[in-house]
Amino acid sequence: MEKESLITSLKRIVKPYIQDEVAFVNLTKETDFINDLKINSANLVDIVLDLEDEFDIEIDNDAMEKMLSVKDAIKIIESKLAEK
Amino acid sequence: MKKRVVITGLGVVAPNGVGISNFTHALKNGISGIEFHQELADLNFSCCIGGIPKVTKEKKAKYFTDLQLRNFNSSGILYGCIAAIDAWKDSGLPINDKKVDFDSGTIFGTGTSGVEKFREAIYKLDDKQVRRLGSTVVAQTMASGVSAYLGGMLGLGNQVTTNSSACSTGTEAILMGYERIKNGKAKRMLVGSCSDHGPYLWGGFDAMRVMTYKYNDCPTEGSRPMSTSASGFVPGSGAGALLLESLESALERKAIIYAEVLGGAVNSGGQRNGGTMTAPNSNAVQRCISEAINDAHINARDIDLINGHLTATIKDPEEIRNWIKALAIETNKFPYIQSTKSMIGHCLAAAGAIESVASIIQLKEGFIAPTINCEEVHPEILKVIDISKIPRKRIQKELNLIAKASFGFGDVNACVIFKRFNH
């Protein structure tokens, strides 16, 4: 999958959880879910579930712990897609 | 004139010891009650370890009638009733089958009641068998089930209720009972809390990834409060109970007095300023602790020991910083601090009550229990307090004042101050 379309999907998925509109509008690969988008850390679990549904992948605990930014998420989704 | 409130009875059902003498032995020797549970592994839990008290069939039969045990499937009520009846008997009070005691009541908390019983009922209902639920579902699944059972077993005629404030439930129950006696509304209040065990209660926490999944092959090492390698809490279960009584009533009965409840505070961070459903507003935590100290009319530097909430998540260092700010004393005057959860896991709604029982035991016996699995203290904690403040081995020491705090989901806080009683 192209990176751009991956970011588009990711943006759609995280949108319901974000609490900083400006950071969301200016989202880049460097954007941090908790520090920039102000997502409640408890909601990261829900984002993982939504990503699993969207891409038909499974994100394990170790991978989830590393998923702190847009860049991390893309890396994890790409590697899980490649495993399929 | 406000009444003084003392503790004259204790009862406990903990993962590492059922009954006060077994629990005391476990506390003194740093014995963990955490085990691997195949049932959790079979259900694909990430965390397959937990703390479940060992209650035999024979033990159950001593507290419940055969009829009560028919179709009984509520572990929280089981633990709660055993701990509470033990506390009642420990205080030397009689159980009268005929008379109602209008001077005694109970505030016995829980998070949720009889989840397994509820599951049973839902399966029957979905199978269109509502008629076959029988008479036992309501009493075992209503939140106030535990206090309702106790009211009947002991003939309590004062307030009989259940409180619920997530993981601060037990500590809150103590303070609610304390207020009631202090204000002359009751002579005796049986207070405490209980929590069910098992996958149907723990599953939601596993899904939130707040329980550790790294110690499935070494369960007793899993609960690591204040440690560098803390990676989430280990779920526990059980119950703790305290018989609170006005000083007058206790003296009149010539009861043995274990300790005095000097005061306390409950509050909420309002899920503002960093507080959320699951995270604490640190300002509110500090405020709760300092209000408890003021309410008890003590000087913070006289506190000998803190029994913290300290669950073994990433929030432990923040809790320690909150204690430091709330106590507002020089770092070298900071009291000893411990986490009972290192041995029993996080017993959720039962935590505050079991840990308060642990605190009173240490007051009356004069020792500080070890915090286990904390060989390497978290560097953020060592930045603010000296390593000697966290006893990893038991210390024999006469204690006078203990501060106990519990915090819960919903951004709620409770802090109570216990004092040794000099006869």
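In chain B, the buried residues of H10(B) pack against strand E4 (49-51) and helix H6 (115-126). The model is predicted.

**Helix H10 of chain B**
- Helix H10 of chain B spans residues 199-207.
- Which residues of H10(B) are buried? They are Leu201(B), Trp202(B) and Asp206(B).
- Seen down the axis of H10(B), these buried residues fall within an arc of 130°, so they line one face of the helix.
- Their packing partners are a strand, E4, and a helix, H6, both of chain B.
- Arg209(B) follows H10(B). The phi of Arg209(B) is positive, near 60°.

**Helices H9 and H15 of chain B**
- Two packed helices are described by the angle between their axes and the distance between the axes.
- Helix H9 of chain B covers residues 169-182, and helix H15 of chain B covers residues 351-365.
- H9(B) and H15(B) pack at an angle of about 70°. Their axes are 5 Å apart.
- Angles of 65 to 115 degrees count as roughly perpendicular, and H9(B) and H15(B) are therefore roughly perpendicular to each other.
- On the H9(B) side, the contact is made by Thr169(B), Gly170(B), Thr171(B), Ala173(B) and Ile174(B). On the H15(B) side, Ala351(B), Gly352(B), Ala353(B), Ile354(B) and Ser356(B) take part.
- Which classes of residue make up this contact? Between H9(B) and H15(B) there are five nonpolar and five polar residues, and no charged ones.

**The annotated stretch of chain B**
- An unreviewed UniProt entry carries the annotation "domain: Ketosynthase family 3 (KS3)" for residues 2-420 of chain B.
- Over residues 2-420, chain B is 35% helix and 19% strand.

**Where the chains touch**
- Chain B gives eight residues to the contact, and chain A gives five.
- On the chain B side, four residues are nonpolar, three are polar and one is charged.

**Lys71 of chain A**
- Lys71(A) sits in helix H5 of chain A, which runs over residues 70-83.
- How many C-beta neighbours does Lys71(A) have inside 10 Å? Lys71(A) has 14, so Lys71(A) counts as partly exposed.
- Leaving out residues up to four places away in sequence, Lys71(A) touches Lys29(A) and Glu30(A).
- Lys71(A) and Ala42(A) are 29 residues apart in sequence. In space, their C-alpha atoms are 20 Å apart.

How values were computed: Residues are numbered from 1 along each chain as its sequence is written. Chains are lettered from A and ligands numbered from 1 in the order in which they are written. This is a predicted model: local features need pLDDT of at least 70, side-chain atom pairs count only at pLDDT 80 or more; totals for chains, interfaces and linings use all residues. Axes are lines fitted to C-alpha atoms, for helices over the stretch in contact, and angles run from 0 to 180 degrees between N-to-C directions. Helices (H or I, at least four residues) and strands (E, at least two) are DSSP runs, numbered from the N terminus. Angles under 35 degrees count as roughly parallel, over 145 as roughly antiparallel, 65 to 115 as roughly perpendicular and the rest as oblique. Two residues are in contact if their C-beta atoms, placed from the backbone, lie within 7 Å. Ala, Val, Leu, Ile, Met, Phe, Trp, Tyr, Cys and Pro count as nonpolar, Asp, Glu, Lys and Arg as charged, and the others, Gly among them, as polar. UniProt positions are given in the numbering used here, feature names are shortened, and annotations may be inferred rather than shown by experiment. A residue is buried if 20 or more other C-beta atoms lie within 10 Å of its own, exposed if 12 or fewer, and partly exposed in between; C-beta atoms are placed from the backbone. The arc is that of the directions from the helix axis to the C-beta atoms.
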